[in-house]
Every structure is written in C-alpha cells, then in structure tokens.
Amino acid sequence: MKENSRFIVFITITIAIFGLSATVNSQTDACSSSLNLQNVNLPFDAASLHCLAVWDSHNYILRYSQTTPGTWTFVLSAPAANSFVAMGFSSNGQMVGSSAIVGWVSSTDAGVIKQYYLGGTTPTLVEPDKGNLVLSNFSLITSQSSRLYLGFQLVTDQPLSRLLYSIGQTGLLPVAPNYRLSEHSDKVSTSINYITGQTKSSTGRPYTRLRRSHGALNMLGWGILMIIGVIVARHLKSYDPLWFYLHICIQSFAFVFGIIGVIFGFVLDNKTNADVSTHKALGIFILVLGCLQVMAFLARPQKESKARKYWNWYHQSVGRLLIILAVANVFYGIHLGKEGTGWNAGYGVVLAILVVIAVILELKLWFRK
C-alpha cells in the first residue's frame with residue numbers, strides 16, 4: 001500500500017515537473033536556437049540574422065540583418081499573452097514622434113500587423129497605417145509554441161538606432177474599423193549598435209534633470225515664494241516700509257525663478273514634443289499674469305490718488321488668481337511628470353504649512369479688529 005502511494009506520488013511529481021518544464025520551454029526563445037517557423041516561407045536566410053535579447057523582463061528576442069543592400073529584416077519574438085507586441089524606431093529614444101510596427105493574433109483574426117505613427121501619449125494620437133517607415137512587401141505575424149513572432153523589412157540604408165518595445169494589456173486588442181491601440185502595459189527604450197550587436201536599455205526617462213529643474217523652479221517661484229510674498233504684504237504692514245521692500249524682494253525672486261522655469265519648460269517641450277497642451281497653456285497664462293503684476297507695480301498710483309483703491313483691487317485679484325492657477329498647475333505638472341508621491345507630498349506639506357500660517361495670521365487680524 002505504501003509502495004503504491006509512493007509510486008503515485010513519484011509519478012505525479014514527475015508529470016508536474018515535465019509539464020512545468022514544457023510550459024516554460026514553450027514560452028521561451030533564445031539566441032542559442034535558430035529561427036525555425038513552421039509553415040512559413042521566409043524570403044531570406046534565417047541563419048544570417050543576428051540575435052539579441054533586448055528586453056529580459058518580458059523575454060523579447062530580436063533577430064535582424066541587412067539581408068540585401070537597402071533592406072533590413074527584423075523578427076521580434078515575444079511570449080503570446082493575448083496582447084499586442086510593438087517595436088518602434090525613434091530619433092531620440094522617446095515615443096512621441098516615432099513610428100512603430102505593431103502586431104497581434106486574436107481568436108477572430110489570423111494575425112494583424114500594422115504601422116502606427118505615435119503622435120502623442122493618448123490613444124487618439126496614435127494613428128494606424130501612418131508613419132515614417134518604408135516597408136517592403138514582406139510581413140509576418142504568427143503564434144507558434146506560445147510565442148508571437150513579428151517580422152517585417154525596412155527599406156533603408158540605415159535604420160534608426162533608438163528602438164522602443166512595448167507590450168499591450170492582456171485582452172485589449174485593436175479591432176476594426178479604426179484599429180485603435182489601448183495604452184501599453186509596459187514599455188522600454190533601448191539603443192542598438194547594428195554592427196557590434198550591442199544593445200542597452202535606458203535606465204531613466206530622457207531629460208530627467210531638465211524636467212525636474214523645470215518643476216522645481218516653477219514650484220519655488222510661482223507656487224511658494226509668491227504665496228510668501230502675499231502673506232508678507234497682508235500681515236506685516238505694521239512694519240512699514242520694511243514690509244514693502246520684503247514684498248518686492250520676494251516677489252522679484254519668485255518672478256525670476258518662474259521665468260527661468262517657464263523657459264526650461266519651452267526647451268523641454270521642444271525636445272520631447274510631449275502632449276502637455278493644458279499644462280503649457282496654464283503656464284503661459286500664469287506668466288502673463290506675472291508680467292501684468294510687474295507692469296502694475298511700475299504704474300501704481302500714489303497713495304493719495306483716487307485710483308489707488310481700484311489699483312489695489314486689481315493687483316490683489318490678479319495675484320490671487322495667479323497663485324490659485326500656479327498651485328493647480330504645479331500639482332498637474334507633477335502628475336504629468338510621473339514623479340510619484342514624493343513630490344506631491346513634499347509640495348503638499350509646504351503648502352499646508354503656508355496655509356496654516358496664513359490662517360493663524362488672519363485670525364489674529366480678525367481678533368485685533
């Protein structure tokens with residue numbers, strides 16, 4: 001009885017091990033093995049393709065070669081996970097402005113392969129059947145042994161060396177008639193040397209230092225110093241004329257930091273071509289309000305003038321509007337920059353401290369009256 005039980009357990013474990021091994025092997029491709037696709041006639045010698053593991057976390061394998069003068073062949077292999085696979089060619093390592101070859105196999109389609117132009121970060125700006133890649137008549141999309149093989153040929157003397165890879169969300173495949181792509185579940189930006197076969201992934205997003213400098217300067221200028229300057233002007237008037245010079249000094253630094261931050265923003269926009277139209281429009285409007293405040297200061301009437309009360313109303317109203325929009329745009333910029341909770345929490349704490357100080361001073365002013 002015991003021997004039978006041990007035998008059954010042994011057989012069960014053996015079957016489980018072989019089953020697991022078969023499953024793993026069926027989803028694994030490696031450069032140590034040649035490209036051998038069943039029922040597929042390749043118009044090139046598969047043995048001539050160079051092979052690289054280009055995205056280890058998702059087991060993406062790329063085979064490529066200049067098969068004929070002016071023609072480059074690419075075959076991308078990835079686990080078949082009921083999602084699209086994509087390979088993009090970029091001039092700067094970023095998604096926006098690049099062109100990508102995307103393929104998928106669904107239960108209703110034998111397989112679809114399309115070129116997309118990545119005009120922005122939203123699905124509506126990712127346009128099918130458009131792009132800057134010149135393709136030959138050869139294209140391949142097939143699922144074999146739990147692997148998806150995406151093959152195509154580019155007509156070019158030298159392909160771009162900055163390559164993008166992405167994987168779609170499981171079960172969300174493009175469908176006719178518009179074939180709109182859903183947002184990818186993961187992506188990576190890499191660079192490749194076609195001669196040596198060396199490839200490396202970008203460990204961080206491009207222009208990270210410029211992004212953070214842009215955010216920090218605008219946060220400090222428009223989102224912190226401007227608020228401090230307003231608090232000084234409202235609650236330190238008993239220290240005349242000290243409050244006035246403090247107010248002018250703080251707001252001047254805020255304006256200078258803000259201008260530099262906006263300039264960094266324009267440089268960043270020019271380099272990345274990111275879809276940040278709302279953030280950009282708010283930033284420009286805030287800058288305009290800041291310039292109006294400077295002009296209002298230069299044109300302020302005398303204290304004895306009848307127009308002074310209207311000037312005060314205008315100056316205070318524009319200042320309040322500027323601060324409200326600046327705070328909102330700082331948080332929106334942190335969201336767009338995907339800097340995470342650290343920046344949100346840090347700025348939120350500083351903002352909370354300033355609000356508490358302002359409330360305490362307002363209460364003191366109210367009780368004094």
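Predicted model: local features only at pLDDT ≥ 70, side-chain atom pairs only at ≥ 80, totals over all residues.
The expected span of a helix is 1.5 Å times one less than its number of residues. Helix 6 has 28 residues. Its end-to-end reach is 40 Å, close to the expected 40 Å.

Both helices have buried residues. In helix 4 these are His-279, Gly-283, Ile-286, Leu-287, Leu-289, Gly-290, Gln-293 and Ala-296. They pack against helix 2, helix 3 and helix 5. In helix 6 the buried residues are Tyr-347, Leu-351 and Leu-354. Their packing partners are helix 2 and helix 5. An α-helix has 3.6 residues a turn, so residues three or four places apart point the same way.

Rolling a probe the size of a water molecule over the atoms shows where empty space is left. The second largest pocket holds about 1400 Å³ of space. Its lining is made up of 44 residues. Val-230, Ala-233, His-247, His-315 and Gln-316 lie nearest the centre of this pocket. Five helices each supply at least two lining residues: helix 2 (208-235), helix 3 (242-272), helix 4 (277-298), helix 5 (308-337) and helix 6 (341-368). Helix 5 gives the most, with 11 residues. By type, the lining of the second largest pocket divides into 24 nonpolar, 11 polar and 9 charged residues.

The strands come next. Strand 9 spans residues 147-155 and is mostly covered, with 8 of its 9 residues buried. Strand 3 (residues 71-79) runs antiparallel to strand 9, and 9 bridges join the two. In this pairing, Thr-73 has Gln-153 of strand 9 as its bridge partner. Strand 8 (residues 135-144) is also antiparallel to strand 9, joined by 7 bridges. Here Leu-135 stands opposite Leu-154 in strand 9.

Strand 8 and strand 9 form a hairpin with 2 residues between the strands. Ser-145 in this hairpin takes a positive phi near 50°. Ser-146 is found in the loop between strand 8 and strand 9. Its phi is near 60°, again a positive value in a residue other than glycine. Ser-146 counts as partly exposed because its relative accessible area is 32%.

Tyr-116 lies in strand 6 (residues 112-118). Tyr-116 counts as buried because its relative accessibility is 0%, and the cut-off for buried is under 20%. Leaving aside neighbours within four places in sequence, the contacts of Tyr-116 include Ser-98, Ser-99, Ala-100, Val-102, Trp-104, Pro-174, Tyr-179 and Leu-181. Also among them are Val-126, Glu-127, Pro-128 and Lys-130. Ser-98 is 18 residues from Tyr-116 in sequence. Their C-alpha atoms are 8.7 Å apart in space.

Tyr-60 has its place in strand 2 (residues 60-68). At 1% relative accessibility, Tyr-60 also counts as buried. Beyond its neighbours within four places in sequence, Tyr-60 is in contact with residues including Leu-52, Ala-53, Val-54 and Trp-55. Other contacts of Tyr-60 include Leu-76, Ser-77, Ala-78, Val-85 and Ala-86. Tyr-165, Ser-166 and Ile-167 are also among the contacts of Tyr-60. How far apart are Tyr-60 and Ala-233, in sequence and in space? The two are 173 residues apart in sequence and 60 Å apart in space, C-alpha to C-alpha. Ala-233 is one of the residues that lie nearest the centre of the second largest pocket.

Some backbone angles stand out. Most residues other than glycine have a negative phi, and most peptide bonds are trans. A cis peptide bond joins Ala-176 and Pro-177, with omega about 5°. Pro-177 is found in the loop between strand 10 (162-167) and strand 11 (186-192). Another cis peptide bond joins Asp-240 and Pro-241, also with omega about 5°. Pro-241 lies in the loop between helix 2 and helix 3.

Asp-129 is not a glycine, yet it has a positive phi of about 60°. Its place is in the loop between strand 7 (126-128) and strand 8. Is Asp-129 buried or exposed? Asp-129 counts as exposed because its relative accessibility is 56%, and the cut-off for exposed is over 50%.

Definitions and conventions: Residues numbered from 1 in each chain as written. Heavy atoms only, no water. 1 Å grid on protein atoms, 1.4 Å probe; cavity = no way out; pocket = protein on both sides within 12 Å on 5 of 7 lines; lining within 4 Å. Points joined across faces, edges and corners; volume = space filled by probe spheres on them. Helix = DSSP H or I, 4+ residues; strand = E, 2+ residues; numbered from the N terminus. Nonpolar A, V, L, I, M, F, W, Y, C, P; charged D, E, K, R; others polar. Buried < 20%, exposed > 50% of the residue type's maximum accessible area, 1.4 Å probe, protein only. Pairing = 2+ DSSP bridges. Contact = heavy atoms within 4.5 Å.
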